[in-house]
Amino acid sequence: MTSLSRRAFVTAATASLLAGCAGAAPHQVTTTAHRRQAPAPTATPTARTALGRSVPVRLRIPAIGVDTPLLRLGLAADGTVQVPPITAHDRAGWYRYSPTPGQAGPSVVLGHVTVGSYGDGVFRRLAELRRGDEVETRLENGRSAVFTVGEVRTVAKAQFPTKDVYGDVDRPELRLITCGGPRSGHGYLDNVIVFATLTGTRG
Amino acid sequence: MRRTVLSAAALACTAVLAGTVPAFADSTTPRPVPTVVASEAPSTAQSARPSEVPSPVPTRVSKRDRGQVAAVPAGAPDTGVTESSSGSGSEAALIGGGAAAALAAGAVLFTVRRRRATGA
């Protein structure tokens with residue numbers, strides 16, 4: 001082979017190599033572009049998830065002037081729900097076997113309407129709440145779950161709607177419970193129940 | 001002459017190689033097909049399956065695991081204590097005691113006056 005033909009083959013080989021290398025770059029770009037687009041849809045479900053589990057420490061209901069720390073309530077020996085103690089500075093309590101506010105399910109908060117000789121309880125004006133009023137629960141982790149009232153129901157204690165109050169639901173909800181209606185010798189004949197759903201978070 | 005023929009052959013080969021090699025390794029025509037197929041097919045397979053399959057499962061599991069309300073209380077909550085039912089015991093005792101004392105005092109006064117009237 002002469003020097004000219006060698007040069008020609010070297011040129012041809014170089015040209016083919018360059019052409020091969022040049023073609024690889026755009027393919028990698030499309031792959032990375034595809035990978036960058038992929039996380040977007042997976043991020044959507046995480047954005048829709050409710051607040052993480054954190055115990056509620058405070059309750060605010062601006063419409064009726066409620067701003068109270070929250071106690072933790074459990075079950076009494078007879079299987080009924082515990083209620084806050086009768087004290088001068090009445091506070092509401094969160095039922096600790098219910099979901100924390102902002103998690104899927106009905107989070108239950110109870111408070112007195114009256115506390116005997118001490119006068120009005122923390123939920124004295126609960127029955128005045130109306131659809132659309134806002135209820136904010138502040139959590140131990142510093143975040144807040146904001147609920148909007150959907151319904152206020154007064155029911156006879158003898159026909160307490162256990163399933164509606166404590167039954168499973170497919171979204172974060174809140175129940176506020178106190179007593180109401182006509183008075184009997186020792187207490188009240190009815191319960192006032194506020195049903196609210198999560199509409200926002202703060203913090 | 002030989003040189004000329006060889007040079008022409010080498011140039012022809014170069015031209016052929018330059019034209020054919022990119023077509024195998026890369027190029028314009030085959031690329032759209034594999035990239036479209038490779039990028040769309042896996043993307044639907046990956047994004048549809050993982051996002052549809054895992055998302056319903058954790059939400060359902062979490063609902064049931066957390067049990068929503070773990071222990072449902074019995075009956076209706078007693079969240080109202082009327083004034084008459086609380087703290088009224090001590091007040092009633094005070095009133096009753098006061099009334100008894102007043103009655104006793106009246107009885108003593110009556111007896112004393114009666115005795116004085118009888119004695120006089």
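**Figure 1. Overall composition of chain A in the predicted model.** Chain A contains three helices and eight strands. Read from the N terminus, its elements follow the order α-α-β-β-β-β-β-β-α-β-β. Of its 203 residues, 33% are buried. For the complex, the predictor reports an ipTM of 0.73 and a pTM of 0.57.

**Figure 2. The closed barrel of chain A.** Eight strands of chain A form a closed barrel in the order β1-β2-β3-β4-β7-β8-β6-β5, and the pairing is mixed. From one strand to the next, the twist averages 35°. Strands of a sheet pair through backbone hydrogen bonds, in either a parallel or an antiparallel arrangement.

**Figure 3. The hairpin of β5(A) and β6(A).** Strand β5 (residues 134-139) of chain A pairs with strand β6 (residues 144-156) of chain A in the antiparallel sense, over five bridges. Within this pairing, E134(A) has T148(A) of β6(A) as its bridge partner. Four residues lie between the two strands of the hairpin, where G142(A) adopts a positive phi near 95°.

Figure 4. Strand β8 (residues 188-202) of chain A runs antiparallel to β6(A), and 12 bridges join the two. V146(A) is bridged to G200(A) in β8(A), and T148(A) is bridged to T197(A) in β8(A). T148(A) is also the bridge partner of E134(A). Strand β7 (residues 172-183) of chain A likewise runs antiparallel to β8(A), here with nine bridges. One of the paired positions is R175(A), whose bridge partner in β8(A) is F195(A).

Figure 5. β3(A) and strand β4 (residues 105-110) of chain A run antiparallel and are joined by two bridges. W94(A) has V109(A) of β4(A) as its bridge partner. Which residues does V108(A) touch, leaving aside those up to four places away in sequence? They are Y95(A), S98(A), V165(A), Y166(A), R175(A) and I177(A).

**Figure 6. The largest nonpolar core.** This core comprises 35 residues, and those with the most contacts inside it are A92(A), V108(A), V109(A), L110(A), L176(A) and V194(A). β8(A) makes the greatest contribution to this core, supplying six residues. In soluble globular proteins, nonpolar side chains tend to be buried together.

**Figure 7. An exposed loop position, A88(A).** A88(A) belongs to the loop between β2 (66-73) and β3 (92-95) of chain A. Is A88(A) buried or exposed? A88(A) is exposed because its C-beta atom has 8 others within 10 Å, and a residue counts as exposed at 12 or fewer. A88(A) and D120(A) are separated by 32 residues in sequence, with a C-alpha to C-alpha distance of 9.0 Å.

Figure 8. Chain B has four helices and zero strands, and its elements run α-α-α-α from the N terminus. Of its 120 residues, 9% count as buried. The mean pLDDT of chain B is 58, with 27% of the residues reaching 70 or more. Among the elements of this chain, the lowest mean pLDDT, 40, belongs to helix α3 (residues 56-65) of chain B, and the highest, 64, to helix α4 (residues 88-119) of chain B.

**Figure 9. Two stretches of chain B with pLDDT under 50.** Over residues 32-65 of chain B, pLDDT stays under 50, and the model has 17 contacts beyond four places in sequence for this stretch. pLDDT also stays under 50 over residues 86-95 of chain B, for which there are six such contacts beyond four places in sequence. Where pLDDT is low, the predicted coordinates should not be read in detail.

Note on methods. Residues numbered from 1 in each chain as written. Chains lettered and ligands numbered in written order. Predicted model: local features only at pLDDT ≥ 70, side-chain atom pairs only at ≥ 80, totals over all residues. Buried ≥ 20, exposed ≤ 12 C-beta atoms within 10 Å, placed from the backbone. Pairing = 2+ DSSP bridges. pLDDT = per-residue confidence, 0-100. Contact = placed C-beta atoms within 7 Å. Core = buried A, V, L, I, M, F, W, Y, C linked by C-beta atoms within 7 Å. Axes fitted to C-alpha atoms, helices over the stretch in contact; angles between N-to-C directions.
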